[in-house]
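I start with the pocket and its terms.

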Amino acid sequence: MKDQTLQLIRQGYRWAGGLRPEPPTAPWAVPTRLLGRRAVLIGGPAGVRRFYDPRLRRRGSLPAPLKLVLFGRATVHGLDDAEHHHRKALYLQVLTADAVADLGLRAEQEWQAVTRRWAGGAPVRLFDEAVQVLGAAVLPWAGIPVASAELPRRARQLADIVDGFGTPGRPFARAALARARLDRWAAGLVRRTRLGQIHPPPGTALHTVATARDLCGRPLPARIAGVALINFVRPTVAAAWYVAFAGLALHEHPEWRHRLADPAPDQRAVAAFAQEVRRRYPFVPVLAAVAREDQDVLGVPIPRGGLVVLDVHGTNHDPAHWPDPDRFDPDRFLADPIDPDTLVPQGGGDVATGHRCPGEDVVLTMIAVAARTLARLDYTLPPQDLDVDLSRVPTRPRSGVLLTPTAP
């Protein structure tokens, strides 16, 4: 069986679609090879539930270059069992409902300040503006003392990590350089906190990682604590990709722009819009886990050390659960309750005990705040290339969504 690693790199979000049955059966599993190992591709609700089975582990599931650039060394994403639960508790401790609401308020204030400077000006690129707005919101929120002159550089570095992790060549090199610089900076912040040179408020991300201890009760090494700090703030800046897609959706569906522009919008409608942005537009193509032992995965035998690959993009576009899946329709989320195993843009399973991303509410809040802000602005879109390249991971509209603000 031919190894599919190069095909995945070249085809991006289209890769899994070329292997899975059409229409997908329930459940379905396709044997393949990745990274020189036997593998099985699965998807849909049954595939999601199987992917988070305790017979699989995360350690060793990603190639080292990708893991080290996107997530960093000794990160929670590659831990299992008690070690994973212990480290993830740091994120759950910080990302409370009140903390997420505070971050949303900070983002809203940053958007208001930025858009006031847009009025009647030259075209702006929504993606680039979102990177700066989200960086300016999340870094102080995390308890990080950062000068206003330094904010744009740190925000750009956080975006560079995300932009290049899945694209070979210069984007990946830029991402690796940004990761190295941010890791050194974050480890330094942890050391300075421990020495009493800076004083982040208790409950913030910086204070939490600086005082965190491992399972044996020892302080986390500064380097590992710094990686955890970056993984607190990076996903918020990564929401800039979804903000660009939200801008595209508001342009292509003006009825939703009018709906969200209401001074007192229906919060259920706002939340539905944010959910549909995450479902409809691509971000994560697949996720991988490793078999702890020889086992059967939905009818496909996989040896110990083999890979189990979850088709994330395909699950979010499964026509059995999302009729006309390429149509943008937030009303899907205003009808019957959604099975969480059919919507996995940031992973599946249980947030508290499994590997589902604890920052899911942060991303939804960042999309909602940006969408409400954009819906209330007066702007036009000049001619531009809004195509989305599904072979590039992560992808976004090619132009970054150019907006021309009109005079107040």
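I first wrote down that, on a 1 Å grid over the protein atoms alone, a pocket is an open set of points where a 1.4 Å probe fits, with protein on both sides within 12 Å along at least five of seven lines, and that lining residues have an atom within 4 Å of a point. I noted that this is a predicted model, in which local features need pLDDT of at least 70 and side-chain atom pairs count only at pLDDT 80 or more, while totals for chains, interfaces and linings use all residues. Residues are numbered from 1 along each chain as its sequence is written, and side-chain values use heavy atoms, with hydrogens and water left out.

**The pocket.** I looked up the second largest pocket and found 29 lining residues, with Arg 280, His 313, His 317, Asp 326 and Leu 390 nearest its centre. Helix 13 (312-316) and helix 10 (222-252) each supply at least two residues of this lining, and helix 13 gives the most, with 3 residues; helices here are DSSP runs (H or I, at least four residues), numbered from the N terminus.

**His 86.** I found His 86 in helix 4 (residues 81-94), and it is partly exposed at a relative accessible area of 32% (buried means under 20%, exposed over 50%, partly exposed in between, with a 1.4 Å probe and protein chains only). Thr 353 is 267 residues from His 86 in sequence, yet their C-alpha atoms are 10.0 Å apart.

**Gln 7.** I then turned to Gln 7 in helix 1 (residues 5-11), which is buried, with a relative accessible area of 14%.
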